[in-house]
Amino acid sequence: MRKMTCLGNYREIEVSGSPREMGRQLGEAAAEEVRTFCVVALERLQETMQVSPERARALAEACLPVAREYSPDSVEELEGLAEAVAVPLWQIMLLQIRNQFTPEPDAGCTSLSVPDPSGKGAIVAQNWDNDPALDPFTIMLTRRPTGKPALMTLTQAGLISYIGFNSEGIGACLNSLPAPSRAHGVPHYFTLRELYEADSLAGAVEAIRRAERAIPANIMLATPEGPANLEVTIDSVQVLRPDETSWITHTNHCLHPEFCHYNAEFPELIGSHPRKTRIDELLHASSADPGVAEIKTALRDHQDYPRSICRHLNDDPDHGYWQTVFSVIIEPERQRMHVSRGTPCSAEYQVYQL
C-alpha cells in the first residue's frame with residue numbers, strides 16, 4: 001500500500017508492510033528526492049571535509065555489518081529502497097552515517113518537552129536549525145510496519161528515521177551534543193528507529209543503550225510517563241526528567257553532571273547557553289503549564305538575534321547559513337504534529353495527523 005497526498009507544506013507519503021516492501025514503496029514515491037539527496041550528501045562531504053567518494057563508500061560499507069546486527073529490519077528496508085531507486089546500497093547507507101565524519105556538528109537546535117494538558121503523556125517540540133539546502137528532500141513519512149507500532153516522521157527522504165512519534169505515545173526531537181565520537185558504529189538514525197518501537201521510557205532507553213553507538217546525541221522525548229530527555233554519548237545514556245519545573249528544555253550543551261566536563265572540551269554551538277536560558281524564561285513566564293500556543297510563542301522568539309531561538313540567515317562566517325528550516329510540535333497522545341516549513345515567525349504551523 002502506498003499513499004501520496006499534499007497536506008500543508010510538506011509532501012506526505014505513507015508506506016506499509018514488511019521492511020523490504022516499505023523501502024520499495026518509499027523508493028517508488030520519492031525516487032527523485034532520494035537520488036538527489038545521495039548526490040548532495042556526497043558533494044557536501046567532499047566540499048566541507050574533503051572526504052573522497054572512496055573514503056565515503058569505505059566507511060558506509062564498514063558500518064553496514066554492525067547496523068545489520070543491531071537492526072536487521074532497518075537494513076532490509078534500506079535494501080528495498082536502494083533497489084527501487086536504483087542506487088548502490090552504500091549510497092543509501094552514506095545518508096545514515098554522514099554525521100560520523102567529524103568534526104562539524106550538524107545542527108544547533110532548541111528543544112523542549114512539557115506535560116500534555118490532558119494529564120497523560122507529554123508534548124515535545126523544537127526548532128530545527130540546519131542547512132536550508134536540505135529542505136527540498138524533506139517529507140512527512142508515515143510507516144505502518146507489519147507487527148510493529150506505526151510511526152510518522154518529518155525526515156529527509158532516504159533516512160531510516162528522524163523527528164516524529166509512534167502510535168504508542170513516544171515522540172522524539174533531536175539536538176547535537178558535544179562529546180567524543182568514533183567513525184565506526186551503529187548510526188544514530190538506526191538507534192532512533194528502534195526507539196520508535198518502544199511503548200515506554202524504559203523501552204526507549206534500552207533501544208539506545210544496546211547499540212554500539214558512533215556519535216553523541218541529545219534526544220528530547222514525550223513518553224507515556226511524561227517529559228524526558230536522553231543525553232547520549234558513545235559509552236553512556238543518561239536520563240533527565242523534570243526537576244524544579246513540570247517541563248524540561250535542552251539546547252546544545254551537556255546538562256547531566258557526568259557529562260558537563262565535555263562543555264569545556266568542545267566549543268559552544270551557536271549560543272547554546274543563552275538559548276537554554278531564554279527558552280526557560282519564556283516557559284516560566286507562561287501563566288500555567290505551557291501548551292501548544294505557548295510553545296509556538298516561545299519558538300518564535302528573537303531575543304539575542306542572530307543567535308536567537310528562531311534563527312535566520314546572517315553574516316556569521318561559521319554558522320550564518322544555518323536557519324530554522326522547520327519548527328515542529330509533536331502531540332503523540334493526539335497522534336499529530338504541528339509543523340512550520342520555514343521560520344515559525346513567518347510560516348504558519350500546519351497539522352499532520354497519523
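This is a predicted model: local features need pLDDT of at least 70, side-chain atom pairs count only at pLDDT 80 or more; totals for chains, interfaces and linings use all residues.

Biologist: Is F259 buried or exposed?
Modeller: The relative accessible area of F259 is 3%. Buried means under 20%. F259 is therefore buried.

Biologist: And Y262, buried or exposed?
Modeller: Its relative accessible area is 13%. The cut-off is again under 20%, so Y262 is also buried.

Biologist: How are the rings of F259 and Y262 arranged?
Modeller: Their centres lie 6.1 Å apart. Their planes meet at 40°. Stacked needs under 30 degrees and edge-to-face over 60, so this pair is tilted.

Biologist: How many aromatic pairs are there in the whole structure, and how are W128 and Y162 arranged?
Modeller: The search finds seven aromatic pairs. The ring centres of W128 and Y162 are 6.0 Å apart, with the planes at 90°. Over 60 degrees counts as edge-to-face, so W128 and Y162 are edge-to-face.

Biologist: How far apart in sequence are the parts that W128 and Y162 tie together?
Modeller: W128 sits in strand 4, residues 122-130. Y162 is in the loop between strand 6 (151-156) and strand 7 (163-166). Both residues are buried. The parts they tie together are separated in sequence by 34 residues.

Biologist: Which residues form one aromatic cluster with W128 and Y162?
Modeller: W128 and Y162 belong to one aromatic cluster.

Biologist: Which residues touch the most other members of the largest nonpolar core?
Modeller: That core has 89 residues. Beyond four places in sequence, L195 contacts I170, A172, A204, A207, I208, I219, L221 and L230. Touching the most other members are L195, L221 and L230.

Note on methods: Residues are numbered from 1 along each chain as its sequence is written. Side-chain values use heavy atoms; hydrogens and water are left out. A nonpolar core is a set of buried Ala, Val, Leu, Ile, Met, Phe, Trp, Tyr and Cys residues joined through side-chain atoms within 4.5 Å. Buried means under 20% relative accessible area, exposed over 50%, partly exposed in between (1.4 Å probe, protein chains only). Contact means heavy atoms within 4.5 Å. Rings of Phe, Tyr and Trp (its six-membered ring) pair if their centres lie within 6.5 Å; planes under 30 degrees apart count as stacked, over 60 as edge-to-face and the rest as tilted. Helices (H or I, at least four residues) and strands (E, at least two) are DSSP runs, numbered from the N terminus.
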